[in-house]
Structures are given as C-alpha cells and as structure tokens.
Amino acid sequence: MSGPGDGVVRVDEKKSKEEITAEFNKVQNEYYNSLIVEMKDDCETYRKATECHEYAKLMIERLGKFREGFEQYKKNCYEYEAGASCHSAGHMLLQGIELPDGSSPVEKDVPAAAELFARACNTTNPRSCVAIARLLQFGKFVEKDYKKAFEYLTTGCNKQNTESCFSKANCYLQGMGVEQDYSKAIPLLERGCELGHHRSCHNLGVLYYHGKGVEKDLDKFKLYNEKAQIFRFQKDPFQGTTKQHLGSGPVAH
C-alpha cells in the first residue's frame with residue numbers, strides 16, 4: 001500500500017482546485033528539475049549525443065534557458081556529431097528567439113543556420129538535407145545553388161528520408177540543378193508513396209494521368225490518387241506533416 005513519501009500525488013477533496021493544481025505543478029517541477037540534473041550528469045560523464053541533446057532540450061522547454069540550451073545544442077553538434085542538435089540549433093537561428101520582455105537570447109542568422117543544417121545532413125539527421133536544400137534553392141539569405149541543393153537532397157534520400165526523395169523528384173520534374181527528366185522522378189515518388197508520403201502518391205498519380213515519364217494509365221492514376229487521400233491526414237513517418245495538398249498538377253515542395 002502506498003503511503004507518504006512514495007511520490008504519489010493524492011487529491012484531498014477539501015482542497016481547492018487552485019491548491020491541487022499548485023501541488024501537482026510543484027511535484028512536476030521537482031521531477032523535471034531532478035531529471036535535468038540527471039541528464040546533465042549523463043551528458044558530462046558519458047558525452048553521448050542522445051543524452052546531451054535531451055539535456056539541451058529540457059533546458060529550453062522546462063527552464064526557459066534558451067541561450068544555454070542553444071549553446072549546448074551547438075556543442076553537441078560539433079563535439080558529439082549529434083545531427084539532431086545541429087538541426088535544432090539551426091532552426092533556432094533560422095527564425096531567432098524573441099522573448100516577451102523584448103530580449104533576444106538567439107539572434108536570427110540564416111547563413112549560420114544553413115551551416116548547421118548542412119552539418120546535420122551529412123551526419124545523422126537527413127531531415128536537415130531538405131532544410132539546407134530549400135535555403136539554397138530560394139537563395140534569399142544564402143547564395144542560390146540548385147546543383148548543391150540537389151546533392152543535399154540526394155544525401156537525404158539515400159538515408160531513406162521521404163521528404164528528401166520527394167524534393168529530389170521535384171528537381172527532376174522542374175529541371176532544378178539537374179536536367180529535367182520525368183522518368184527519373186518516378187522511382188523516387190514510388191519509394192515515398194510506399195512509405196506513406198501522400199504528396200509522393202499525388203505527384204505519381206498526376207504523372208500517370210498525363211503520361212509524363214510513364215505510359216498514360218488512368219487505373220494507376222486512380223490507385224495513387226486513392227493512396228494520397230488515405231495518407232493525406234496520417235502523420236508522415238519522417239516529417240510529422242498533415243498538410244493538405246490538392247490540385248491536378250505536381251505539387252511544389
């Protein structure tokens with residue numbers, strides 16, 4: 001039977017809702033503070049990417065220490081080859097962090113974000129391959145380079161990232177950084193569709209509808225269109241997207 005000191009929060013019917021909430025928050029904060037100390041010790045002792053990444057994440061999400069968490073992300077990125085930390089630090093730099101009091105613990109710096117995304121792409125975080133590729137394709141804050149963007153997307157796709165494969169297929173469809181070739185987009189879209197990426201299914205169906213890169217086949221158009229509808233509101237296995245994409249032509253990335 002549980003008793004005092006066992007860590008269980010008990011509800012006293014005589015307590016007000018505010019008192020119960022305060023008690024719960026106190027126990028929760030004590031738990032997370034203890035967890036942060038534990039994660040910090042594990043990070044400093046074992047110097048493992050996973051523990052150090054979680055430590056930085058907890059500092060930001062639970063303590064609101066954005067600058068400290070950002071610096072820990074960067075340390076993890078460069079010292080421990082932690083691709084997830086490179087990606088997180090890059091996203092913080094991409095937009096910058098502004099607090100309600102007007103302070104900015106992390107200033108916006110897109111070129112620096114691009115460097116971190118590139119490092120993440122080439123280490124252990126293929127999601128970042130799409131991030132760096134898009135910056136290079138748009139060319140607003142970094143020098144436009146379609147060919148280099150295509151190379152990053154190839155890296156991400158080779159690491160089984162569906163969004164990278166989808167964006168690489170779009171490069172073939174639009175002739176961005178590579179010669180336009182509808183037929184080379186087909187296997188990339190097929191791979192994405194098989195993994196539940198609804199936009200890949202959609203574009204594949206459109207190509208069969210118009211007979212571009214493949215022989216026109218309305219049955220396959222219907223098949224892939226139905227798959228796109230099924231996958232449309234399901235969570236993407238790699239990107240966590242539920243965005244809706246409609247239209248009769250290939251969707252842009």
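These questions and answers go through the helices, the core and the aromatic pairs of a predicted model. Local features need pLDDT of at least 70, side-chain atom pairs count only at pLDDT 80 or more, and totals for chains, interfaces and linings use all residues. Residues are numbered from 1 along each chain as its sequence is written, and side-chain values use heavy atoms, with hydrogens and water left out.

Me: How many helices are there in the protein chain?
Reply: Helices are DSSP runs (H or I, at least four residues), and strands are runs of E of at least two, numbered from the N terminus. The protein chain has zero strands, and its helices number 11.

Me: What kind of aromatic pair do Phe150 and Tyr172 form?
Reply: Rings of Phe, Tyr and Trp (its six-membered ring) pair if their centres lie within 6.5 Å; planes under 30 degrees apart count as stacked, over 60 as edge-to-face and the rest as tilted. The centres of Phe150 and Tyr172 are 5.4 Å apart and the planes stand at 85°, so the pair is edge-to-face.

Me: Where does Phe221 lie, the partner of Tyr209?
Reply: Tyr209 and Phe221 form a tilted pair, with 4.9 Å between centres and 55° between planes. Tyr209 is in helix H10 (residues 198-210), and Phe221 is in helix H11 (residues 218-231).
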